[in-house]
Amino acid sequence: MIEVRGLTKVYPPNTVALRDVSLKIPDGQFATIIGPSGAGKSSLLRCLNGLVAPTAGEILIDGESLTAARGEARRRLVARIGFVFQQFNLIKRLSVLDNVLVGRLSHVPELRSLVGSFPRRDRVLADAVLARVGLAELAHRRADTLSGGQQQRVAIARALVQEPRTILADEPMASLDPALSRTIMDLLRRINEEDGITVITTLHVMDLALEYGQRVIGLRNGRVVYDGGAAGVTDEIVDAIFGGGAG
Amino acid sequence: MRTARRWTGVAVGLALFLWSAWETELSLFRMVEGLPYMADFLRRMFPPDFSVLGSAGRGALQTLQIAVVGTAVAAVAALPLGFVAARNVAPAWLFYGVRSLLNALRAIDTLVYALFFVAAVGLGPFPGVLAVVAYTTMILAKLYSEAIEAIDPGPVEAVSAAGATRLQVLRFGVVPQLLPLFISFTLYRFETNIRAAAILGFVGAGGIGFYIQTYLRMLNYPAASTVLLVLIALVMAVDFTSSRIRQRLV
């Protein structure tokens with residue numbers, strides 16, 4: 001379970017991205033965070049795995065404080081969470097397989113990994129996960145020769161080989177062709193259903209959030225304005241999240 | 001307004017050229033007058049005297065060695081300098097200090113460094129190596145630092161988000177982005193350093209330049225032309241090989 005307590009994020013000098021956000025996300029849930037751009041969606045997601053340090057508040061991962069953790073303990077917590085970026089963030093000139101193996105770095109001996117060698121077990125796992133996302137035959141291609149949709153699937157494979165409890169996806173289809181959004185969202189849903197991995201994804205379009213999210217968290221100006229099931233999202237709520245007027 | 005500025009620019013450029021041409025005694029007449037002598041010079045260089053091929057080869061080899069050692073040492077020496085000269089790595093005071101120093105020292109060319117090092121450590125290839133190191137370090141540090149500043153933070157963030165250690169982040173997020181560029185810059189400087197090292201012999205700093213200068217001074221033009229042919233072969237061979245490797249890196 002991921003628990004957020006009184007999370008506030010201020011970017012200097014005085015841009016407030018998150019204001020006193022508190023949430024509990026139980027294991028196995030598929031949650032979508034929705035809101036207009038600048039609402040604080042990315043900041044919230046990035047706080048959840050420590051990419052962004054909160055100004056105030058606390059993040060608990062399975063009861064352990066990420067905010068207070070340092071060094072080795074912190075890396076262990078971070079490794080339990082896979083992160084899928086809007087821009088994929090693959091290492092362009094490495095092969096697809098090497099990119100996926102990056103997800104194993106927290107599991108393998110450090111010194112050995114530094115010379116680029118991975119235990120057989122890890123390579124087998126990487127191959128299997130690549131096959132699962134449908135890219136087995138592209139394992140030895142350079143990452144930057146793949147299409148956007150393929151690159152995002154490599155990024156999801158990289159997150160999966162971490163053997164994470166949770167996958168965070170930051171607008172995973174925003175840089176892709178609209179037709180590909182469904183492929184990526186379907187893949188995330190399958191991971192959620194088949195592996196029981198918690199999926200939290202930010203989205204900026206309501207229809208996808210309603211279609212895929214068991215739970216919808218609406219953000220506006222850094223505050224949670226809706227938190228509940230997809231069925232409970234009325235026109236008034238959509239208006240409260242996206243509508244005009246002062247927020 | 002814009003056309004007025006353009007014409008002012010043209011006028012200033014033309015004035016600068018005419019003034020410089022006058023001061024440097026640019027003269028078509030004198031060039032035409034010199035043509036028979038140039039022809040005579042070329043005629044006397046032919047046929048080349050291949051009996052000096054041995055010493056020309058030894059000189060060329062030493063030039064190659066000066067460039068290899070000088071470039072290799074500079075490639076390593078420039079690494080720490082490149083990082084402290086990068087805006088996104090070093091604190092502002094250090095960055096500005098190192099950048100200014102690099103820019104100032106880069107104004108001095110390899111041959112000028114060679115004059116200085118010959119005076120300091122004596123004649124031979126060693127002051128040549130030092131001269132190549134001095135100039136190449138400055139220029140590679142500048143190129144490295146620009147590559148470091150242009151690094152894509154996305155992959156670095158992704159590796160770190162997978163729970164990697166600092167060394168793993170460096171190895172998988174940073175090095176793959178920088179290494180091919182660093183090698184490419186170094187090879188390119190190696191190509192340039194062959195040319196630079198070829199004239200180091202003029203000031204007593206070793207290499208093929210010594211033979212070029214000696215034979216020209218002795219008016220032994222057939223020997224000089226052999227040495228020049230060897231130099232051309234060396235430069236072409238290095239350029240070809242090095243640019244082939246660089247193409248495959250990008």
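Visitor: Which residue just after α9(B) takes a positive phi?
Guide: That's Leu219(B), with a phi of about 60°. Keep in mind that this is a predicted model.

Visitor: Okay, and α9 of chain B itself. Which of its residues are buried?
Guide: Gly209(B), Tyr211(B), Ile212(B), Gln213(B) and Tyr215(B). The helix covers residues 209–217.

Visitor: What do those buried residues pack against?
Guide: Three helices of chain B: α3 (53–84), α8 (166–198) and α10 (221–249).

Visitor: Switching to chain A. How many helices and strands does it have?
Guide: Nine helices and ten strands. The radius of gyration of chain A is 18 Å, close to the 18 Å that the globule rule gives for 247 residues, so chain A is as compact as a globular protein of that length.

Visitor: What does its C-alpha trace span along the principal axes?
Guide: About 55 × 40 × 35 Å for chain A.

Visitor: How much of chain A is buried?
Guide: Of its 247 residues, 53% count as buried. Chain A exposes about 10,400 Å². Carbon and sulfur atoms supply 50% of that.

Visitor: What about contacts along the sequence of chain A?
Guide: Take the contacts between residues at least 6 apart in sequence. Of these, 67% join residues at least 24 apart.

Visitor: And charges? How many positive and negative side chains are in chain A?
Guide: There are 30 positive and 27 negative ones. The centres of the two sets lie 7 Å apart.

Visitor: Pick a residue in chain A for me. Say, Leu77(A). Where is it?
Guide: In helix α2 of chain A, which runs over residues 71–79.

Visitor: Is Leu77(A) buried or exposed?
Guide: Buried, because its relative accessibility is 1% and the cut-off for buried is under 20%.

Visitor: What does Leu77(A) touch?
Guide: Leaving out residues up to four places away in sequence, Leu77(A) touches Ile61(A), Glu64(A), Ser65(A), Leu66(A) and Ala69(A). Take Ile61(A): it is 16 residues from Leu77(A) in sequence, and their C-alpha atoms are 7.2 Å apart.

Visitor: Last topic, the two chains together. How many residues does each give to the contact?
Guide: Chain A gives 29 residues and chain B gives 20. The area buried between them is about 2,000 Å². Carbon and sulfur atoms give 60% of that area.

Visitor: Which residues of chain A lose the most area to chain B?
Guide: Arg93(A), Leu105(A) and Leu114(A). Together they make up 27% of what the chain A side buries.

How values were computed: Residues are numbered from 1 along each chain as its sequence is written. Chains are lettered from A and ligands numbered from 1 in the order in which they are written. This is a predicted model: local features need pLDDT of at least 70, side-chain atom pairs count only at pLDDT 80 or more; totals for chains, interfaces and linings use all residues. Side-chain values use heavy atoms; hydrogens and water are left out. Helices (H or I, at least four residues) and strands (E, at least two) are DSSP runs, numbered from the N terminus. The radius of gyration is taken over C-alpha atoms; the globule rule is 2.2 Å times the number of residues to the power 0.38. Buried means under 20% relative accessible area, exposed over 50%, partly exposed in between (1.4 Å probe, protein chains only). Contact means heavy atoms within 4.5 Å. Accessible areas come from the Shrake-Rupley method with a 1.4 Å probe; for residues, only the protein chains shown count as cover. Lys and Arg count as positive and Asp and Glu as negative; His and the chain ends are not counted. The place of a charge is taken as NZ of Lys, CZ of Arg, CG of Asp or CD of Glu. Buried area is the accessible area (1.4 Å probe) that two parts lose on being put together, summed over both.
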